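Hi,

Here's the structure I said I'd pass along.

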Amino acid sequence: MHEQKEYQNTKVDLRVWKRLIAYAMRRPQTVIRLMLTLLVVACVDLAYPQLTRFAIDYFITGKTTEGIGLFAAVYALVVILQGTGVFFFVRGAGKLEMDISYDIRQDAFSRLQQLSFSFYDTTSVGWLMARMGSDVSRLAEMIAWSLVDLCWSGFYVLGIIAVLLWMHWQLGLIVLCVAPILAALCVFFQRKILRQQRLVRAANSRITGAFNEGIMGAVTTKTLVREEAGCEEFRSLTGGMKQAAVRAALWSALFMPIVVALGSVSTALALSGGGKLVLGGVLGLGTLSAFLSYTTQLFDPIQQLANILAEMQAAQASAERVIDLLDTQPDIVDSPEVEAVYGTTLAPRRENWEPITGKIEFSHVDFRYKTGETVLHDFNLTVEPNQTIALVGETGSGKSTIVNLVCRFYEPTSGQVLIDGKDYRERSQLWLQSALGYVLQTPHLFSGTIAENIRFGKPDATMDEVRQAAKLACADGFIEAMEQGYETQVGEGGGRLSTGQKQLICFARVLLADPRIFILDEATSSIDTETEQLIQTAISKVLSGRTSFVVAHRLSTIRGADQILVIDKGEIAEAGTHEELLAKKGRYYQLYTHQYHSEAFDAAK
């Protein structure tokens, strides 16, 4: 699974950060303005010690106040310039952060729309939420603020070094002698902090997933009295994250005092060497004061650089995971030749799409999942346009795999699936899937009104069309009985409605799109008998004139199918109409009579 992927790099991967910085460069004017602002601020910061140097040498040592008004005016101008520069920097960096966060999330969400079903089979919701939420926010902040601060620190450090060597190069070299030691310490602490921060981010993903499972499975947890065990499992997860976070904080806490200590050593060297030069008359008192100011200030941006480096190390795991998501490729892709004619998922060329009549053929199809499990072997089936095919069989026999192959949610490992006589890999995915209507066993609604959910697949549908679809799905009765009717809010996931009501709305949503190929995947297995009768009435109306596949749990719902296939271990064990299969007294007969007696027994209770 994606959340279990290990990231083995022991240092900051500049290639990853280069990819992320490219998001900032999508707005080059903003970045250029920020860099110029930082350059001005750095130059102003460099000017303060020189102003102090001039004041000491001219006013104090010279014992005069001549020109002090002009000096004060220049000093005030420098302060105003610095304040203005900081204002524009804060405003620009804040805007850049929001822009970067927006762009990364847009790209990541677009990627999620393009990924195949197999990705969602192996990736938890918690992992994705952590990537799209906290990781993206952290990286946007890093690029907009920390990396911009890194540029300011770089400008400032280089400026101080140049000024120190200009004022007195021998003393400047003495002050800078601690730099190689600091560089070596940076490398050492980088590896330690980065390793712990990766553990923290991995633990955070697992915790987010546990939160999601705990919320979604709250009823199951309570009915099985698993509260205490669940808390203990969660405590174990958070405990692991706490230990890694404490170790990371410990290494960071050790790093900063060492940098401060080295700065103090450098200042002491400047004071000792500079004091002797002043006493010898080689160096002025103002120059020594400026030298000490620069020496002290030199380690402020160096500390900032060290802190930014530590933050980059901490964010490296987040950066790798976000880039991993952005770089994830779908298992099912259209060829460049197909895209040139039919367009892409996000930019379709509908004018080139041929109409679908609905003939579907499986030709010597084999299929196995990535895990290696073989589901279908040399599977052959021909479905004529407008036929209704029912698939029955035990759990795991391959029924859902067959309809998922029809929808091209997966592709055959070998063999072909043909739509209207053409291998569907010679057409775009969207061409096929735009003609599909799929009603699942577990209905899913989006937050919003009933009308918005019905209109989800056809946003431009009129209210008359919405009402007609609801009427066909036999959903209009309960909808109009509600106080707000079609404007009733369904709640998150449709939580304000019953399972049967949600299923009827999902049915209406599919009907509104008027699909050419219809898939019902055990769509009546999780609802009551009365609602099932409503859906059966709707099914009998809408399946006419469409090619349809019905994966059935309740066999009483498929008696009118043109052909019923009994699937066993990925093969067609029996095929025929309801009456033909009952007459054979084979597997279908056994399944049907067993279910009939079970339902009769339940009704008699």
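**What I found**

Starting with the cysteines: C43 is partly exposed, at a relative accessible area of 45%. C474, on the other hand, is buried, with a relative accessibility of 15%, which puts it below the 20% cut-off for that label. As for disulfides, searching the whole structure turns up 0.

Keep in mind that this is a predicted model. Mean pLDDT for the chain is 82, and 89% of the residues reach at least 70. Strand β4 (residues 414–419) has the highest confidence, with a mean of 95, while helix α8 (residues 218–223) has the lowest, at 65. Also watch residues 6–10, where pLDDT stays under 50; the model gives that stretch 12 contacts beyond four places in sequence.

The unreviewed UniProt entry lists residues 30–48, 68–90, 142–165, 171–189 and 248–271 under "transmembrane region". I looked at how two of those came out in the model. Residues 142–165 are 100% helix and 0% strand, with 33 Å between the end C-alpha atoms. Residues 248–271 are also 100% helix and 0% strand, and there the end C-alpha atoms are 35 Å apart.

Cheers

How values were computed:
Residues are numbered from 1 along each chain as its sequence is written. This is a predicted model: local features need pLDDT of at least 70, side-chain atom pairs count only at pLDDT 80 or more; totals for chains, interfaces and linings use all residues. Side-chain values use heavy atoms; hydrogens and water are left out. A disulfide is a pair of cysteine sulfur atoms within 2.5 Å. Buried means under 20% relative accessible area, exposed over 50%, partly exposed in between (1.4 Å probe, protein chains only). pLDDT is the predictor's confidence in each residue, from 0 to 100. Helices (H or I, at least four residues) and strands (E, at least two) are DSSP runs, numbered from the N terminus. Contact means heavy atoms within 4.5 Å. UniProt positions are given in the numbering used here, feature names are shortened, and annotations may be inferred rather than shown by experiment.
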